[in-house]
Amino acid sequence: MTAELDERLMRLALERAEEARANGDVPVGAIVARGEEVLGAAGNARERDRDPTAHAEILALRQASGGLRSWHLEGCTLVVTLEPCAMCSGALVLARIDRLVFGAADPKVGFAGSLGDLVRDERLNHRVEVTGGVLEAESGEVLRAFFAERR
């Protein structure tokens with residue numbers, strides 16, 4: 001996947017983040033793609049769905065798996081505006097996602113290199129290639145603005 005495609009998919013993820021913000025959720029958006037084909041797209045929906053597992057990554061993975069009729073997502077990339085937490089990082093490994101692309105790092109709960117690195121843990125049976133910092137400023141600004149509004 002090229003840097004240009006990573007950015008194009010991240011812009012789609014940012015649109016999903018804005019939709020989540022409009023629904024009162026923390027603005028995180030995620031896309032699952034196989035090449036240029038988008039298989040899943042979602043924003044956080046924890047508040048809307050009253051579901052602690054309704055993170056953008058989980059919802060996008062569910063969509064992609066449903067469309068493919070398989071939980072095996074080999075050959076797919078997950079693009080997300082914020083570094084995934086431990087739950088979402090574990091889901092990426094279990095889904096056999098090939099590649100993770102994220103925007104802003106999350107030093108408080110990120111598990112793709114910040115607080116821990118579950119997606120590349122050598123003890124697991126699958127490891128995910130990681131590219132961080134794609135449209136990092138835009139991804140971070142969406143979150144900063146959201147939390148500034150809440151204060």
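Start with helix α1, residues 3-22, and select E4 and R8. Both lie in this helix, 4 residues apart, which is about one turn. Keep in mind that you are looking at a predicted model.

**Stop 1**

Show the side chains of E4 and R8. They meet in a salt bridge, 3.9 Å from N to O. E4 is exposed, with a relative accessible area of 59%. R8 is partly exposed, at 39%.

E36 lies in the loop between β1 and β2, while R8 is in helix α1, so the pair ties together parts that are 28 residues apart in sequence. E36 counts as exposed, at 60% relative accessibility. Together, E4, R8 and E36 are linked in a network of salt bridges.

How many salt bridges does a search of the whole structure find? There are 10. Select R123 and D121: their closest N and O atoms are 2.6 Å apart. R123 counts as exposed, at 75% relative accessibility. D121 counts as buried, at 16%.

**Stop 1: the strands**

Is β1 enclosed or open? It is largely enclosed by the rest of the structure, because 5 of its 6 residues are buried.

Next, select β2, residues 37-43. This strand is mostly covered too, with 5 of its 7 residues buried. β1 and β2 pair in the antiparallel sense over 6 bridges. Pick out two partners. V32 has G40 as its bridge partner in β2, and G29 stands opposite G43.

Look at the turn. β1 and β2 form a hairpin with 2 residues between them. G35 sits in that turn and has a positive phi of about 65 degrees.

β1 and β3 pair in the antiparallel sense over 4 bridges. The bridge partner of A30 in β3 is V80.

**Stop 2: the loop between α2 and α3**

Select R50. It lies in the loop between α2 and α3, and counts as exposed at 73% relative accessibility. Check its backbone: phi is positive, about 55 degrees, although R50 is not a glycine. Most residues other than glycine have a negative phi.

H55 is buried, with a relative accessible area of 15%. Show its surroundings. Leaving out residues up to four places away in sequence, H55 touches N44, R46, C85, M87 and C88. Then draw a distance from H55 to G29. Their C-alpha atoms are separated by 8.6 Å, and the two residues are 26 apart along the chain.

**Stop 4**

Select helix α4, residues 86-94. C88, S89, G90, A91, L92 and V93 are buried here.

Step just past α4 to R96. This residue lies in the loop between α4 and β4. R96 is not a glycine, yet its phi is positive, about 65 degrees. R96 is also buried, with a relative accessible area of 18%.

Not counting residues up to four places away in sequence, R96 touches W71, H72, L73, E74, N125 and H126.

**Stop 3: E83**

Finish in the loop between β3 and α4, where E83 is found. E83 is buried yet has no salt bridge. The nearest side chain of opposite charge, R120, is 6.8 Å away. Select S114 instead. The side chains of E83 and S114 make a polar contact at 2.5 Å.

Last, show everything around E83. Among the residues it touches, beyond those up to four places away in sequence, are F102, A104, D106, F111 and S114.

Terms used
Residues are numbered from 1 along each chain as its sequence is written. This is a predicted model: local features need pLDDT of at least 70, side-chain atom pairs count only at pLDDT 80 or more; totals for chains, interfaces and linings use all residues. Side-chain values use heavy atoms; hydrogens and water are left out. Buried means under 20% relative accessible area, exposed over 50%, partly exposed in between (1.4 Å probe, protein chains only). Two strands pair if DSSP finds at least two bridges between them. Lys and Arg count as positive and Asp and Glu as negative; His and the chain ends are not counted. A salt bridge is a side-chain nitrogen of Lys or Arg within 4 Å of a carboxyl oxygen of Asp or Glu. A polar contact is a pair of N or O atoms within 3.5 Å; within protein, one must be able to donate a hydrogen and the other to accept it, and residues adjacent in sequence count only if both atoms are side-chain atoms. Contact means heavy atoms within 4.5 Å.
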